[in-house]
Amino acid sequence: MRGHLIVVEGCDRSGKTTQCERLVQSLQEHGKDAELVKFPDRTTQTGKMIDSYLKQTSHLDDHAIHLLFSANRWEAMDALKEKLSQGKTLIVDRYAFSGVAFSAAKGLDFEWCRGPDVGLLVPDVVMFLDLTMDEAEKRGGFGEERYEKRELQMQVRKEFDKLMDDTWKMVDASQTKDQVHTAMLTIVNELPAPGPVRSGLWK
Ligand code: TMP
C-alpha cells in the first residue's frame, strides 16, 4: 500500500515545523515508515535563490520568486511520488497553498498564483494549524525574514481561507504542544487507506 501525502500549513509562529518533526518521530515510533519533507527545500539550486531572497540578501520580482517556489516543488515531485509508492508516509511542511497564500497576500492575482502549481501531487489531507495573530505575537514576535510582518501575515491568513475545502482539517494551534500533537496524530490515524498516487492538484 502506498503512503499518505500529508500537508501541514499555517501562518508563521503556529508551531508548524516543531509539530511536523514531532509527528514524524511519533509515527516512526509506532512502526510507520514516515519522512519529513519541507518546502521551500533550501538545499537545491532554486532553494538557494529562495533562501537568499527570504533573508533579504537578494531582490527578485514578485512573479519570479513565486515561480521559483513552484519550481522548487516540481523538482521534488518524482522523488516524492516514488517514496509514496514505496509505502512511505510523507509529512510535508508547507506546500502550494503557502505558495498561493503568500504571493496573493503581496498583491499578485490569486488565479495567476495557482497556475504554476496546477498538476502537483494531490495531498490526502491538509492540516491547518490555526492561530490568531494576537496569539502568534504572544509567542515572541516574528523573526527577521522577509514575510514575518503582522500586516502581511493577516493577509496571508485571509488568502488561506480562500484555499480551504472539505479535505482540510483545522487544528487549534493555541492548545498545548501535547494537545496539538495528539490532534494531528488522531487525524493521521483516521485517514482512510489511500488509493493510487494522484497528480492533478487544482485540476
Ligand atoms: P519557512 O519559514 O517554512 O521555511 O518558509 C519560508 C517562507 O516562505 C515563509 O514566510 C512562507 C514563504 N513561502 C512562500 O512565500 N511561498 C511558498 O511557496 C512557500 C513554500 C513558502
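Helices here are DSSP runs of H or I with at least four residues, strands are DSSP runs of E with at least two, and both are numbered from the N terminus. With that naming, methionine 154 sits in helix H8.

Two notes on the source. This is a predicted model, in which local features need pLDDT of at least 70 and side-chain atom pairs count only at pLDDT 80 or more, while totals for chains, interfaces and linings use all residues. Residues are numbered from 1 along each chain as its sequence is written, and side-chain values use heavy atoms, with hydrogens and water left out.

Back to methionine 154. The cut-offs are under 20% relative accessible area for buried, over 50% for exposed, and partly exposed in between, using a 1.4 Å probe and protein chains only. Methionine 154 and glutamine 175 are 21 residues apart in sequence, and C-alpha to C-alpha they are 20 Å apart in space.

Next, the interior. By nonpolar core I mean a set of buried Ala, Val, Leu, Ile, Met, Phe, Trp, Tyr and Cys residues joined through side-chain atoms within 4.5 Å. The largest one has 39 residues, and the members that touch the most others are Tyr95, Phe97 and Phe160. Helix H5, residues 96-105, gives the largest share of this core, 7 residues. Apart from that core lies another, of 23 residues, including Val8, Cys20, Leu27 and Val188.

What does phenylalanine 97 touch? Contact means heavy atoms within 4.5 Å. Not counting residues up to four places away in sequence, the partners of phenylalanine 97 are Val7, Glu9, Pro123, Val126, Phe160, Leu163, Trp168, Leu201 and Trp202.

How many residues of H5 are buried? The count is 10 of the 10, so H5 is largely enclosed by the rest of the structure. Among the buried residues of H5 are Ser98, Gly99 and Ser103. The buried residues of H5 pack against strand S1 (5-10), helix H3 (62-74), helix H6 (110-114), strand S4 (125-130), H8 and strand S5 (168-172). Just after H5, glycine 107 has a positive phi of about 115°.

One of the H3 residues is arginine 73. Its relative accessible area is 2%, so arginine 73 is buried. Leaving aside neighbours within four places in sequence, arginine 73 contacts Phe39, Tyr95, Ala96, Gly99, Asp117 and Leu120.

Now the helix pairs. Two packed helices are described by the angle between their axes and the distance between the axes. Axes are lines fitted to C-alpha atoms, for helices over the stretch in contact, and angles run from 0 to 180 degrees between N-to-C directions. The axes of H5 and helix H8 (residues 150-163) come within 8 Å and cross at roughly 130°. H5 and H8 are therefore oblique to each other; angles under 35 degrees count as roughly parallel, over 145 as roughly antiparallel, 65 to 115 as roughly perpendicular, and the rest as oblique. On the H5 side the contact includes Phe97, Val100 and Ala104, and on the H8 side it includes Leu152, Val156 and Phe160.

The other pair is helix H1 (residues 16-29) and helix H9 (residues 177-189), which pack at an angle of about 55° with their axes 10 Å apart. That angle makes H1 oblique to H9. Among the contact residues are Arg22, Leu23 and Leu27 of H1, with His181, Met184 and Val188 of H9.

Last, the backbone. Most residues other than glycine have a negative phi, and most peptide bonds are trans. Phenylalanine 39 and proline 40 are joined by a cis peptide bond, with omega about 0°. Proline 40 lies in the loop between strand S2 (34-38) and helix H2 (45-54).

Arginine 13, in the loop between S1 and H1, has a positive phi near 75°. At 36% relative accessibility, arginine 13 is partly exposed. Tryptophan 202, in the segment after H9, has a positive phi of about 60° although it is not a glycine. Tryptophan 202 is partly exposed too, with a relative accessible area of 22%.

That is what I have; questions are welcome.
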